[in-house]
Amino acid sequence: MKKYISPTTNESLVRFLVPASGLLASVYFLLSASYLLSLSSLLISVVCFWKSKHNLILRNTRYPPSETNFHNCKNAAIIYGWHTVSEIDMVKLEFETNASLSNWGELITVLFTSSGILVNSRPSP
């Protein structure tokens, strides 16, 4: 079974508004007899909803949660130049990468659970 991270307020809002506005546009295009635009708008809405949910999946690294791995994660963030957003000792680390021309930055979450270390990387809100 897949595990998901809880979305931020902005992610929850976007996850609802983008597909909802696409559905409204699809209905408008359908009523004005633009069937191709209606279908494309509907497909974009479905893809946006799926992608926003897919961004919240936690991936298991199969590494054990240990003090050494916690410090290794913090050291990796320093090496790559990530900014620490939040840190709860041996529970959760959150990092944010810098925006560049190729992306708008990532929010990287590392959770230390009894089943292992879980990681999520998604576009930064």
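Reader: Which residues make up the largest nonpolar core, and what makes it a nonpolar core?

Author: The model is a predicted one, in which local features need pLDDT of at least 70 and side-chain atom pairs count only at pLDDT 80 or more, whereas totals for chains, interfaces and linings use all residues. Residues are numbered from 1 along each chain as its sequence is written, and side-chain values use heavy atoms, with hydrogens and water left out. The largest nonpolar core has eight residues, namely Phe70, Ala77, Leu93, Phe95, Ile108, Val110, Phe112 and Ile117. The name applies because such a core is a set of buried Ala, Val, Leu, Ile, Met, Phe, Trp, Tyr and Cys residues joined through side-chain atoms within 4.5 Å, where buried means under 20% relative accessible area, exposed over 50% and partly exposed in between (1.4 Å probe, protein chains only).

Reader: Which elements give two or more residues to this core?

Author: They are helix 3, strand 4 and strand 5, and strand 5 gives the largest share, three residues. Helices (H or I, at least four residues) and strands (E, at least two) are DSSP runs, numbered from the N terminus. Apart from this core lies another, of five residues, among them Ile5, Leu56, Leu58 and Leu118.

Reader: Which residues does Phe70 touch, and what counts as a contact?

Author: Contact means heavy atoms within 4.5 Å. Not counting residues up to four places away in sequence, Phe70 touches Glu87, Ile88, Asp89, Met90, Val91, Leu93 and Phe112.

Reader: How do you know that strand 5 and strand 6 pair?

Author: Two strands pair if DSSP finds at least two bridges between them. Leu111, for instance, has Leu118 in strand 6 as its bridge partner, and the two strands form a hairpin with two residues between them. Strand 2 (residues 57–60) and strand 6 pair over two bridges, again in the antiparallel sense, with Arg59 opposite Val119.

Reader: What makes strand 1 and strand 3 edge strands?

Author: Six strands form an open sheet in the order 1-2-6-5-4-3, with antiparallel pairing. Strand 1 (3–4) and strand 3 (83–88) are its edge strands, as each pairs on one side only. Strand 3 pairs with strand 4 (residues 92–96) over five bridges, and in strand 4 the bridge partner of His83 is Glu96.

Reader: Why are the buried residues of helix 2 said to line one face of the helix?

Author: The buried residues of helix 2 (residues 35–54) are Ser38, Ser41, Ser45 and Ser52. Seen down the helix axis they fall within an arc of 65°, so they line one face; the arc is that of the directions from the helix axis to the C-beta atoms. On the other side, Tyr35, Leu36, Leu43, Val46, Val47 and Trp50 are exposed. What covers the buried residues of helix 2 includes helix 1 (9–31).

Conventions
Expected span 1.5 Å × (residues − 1).
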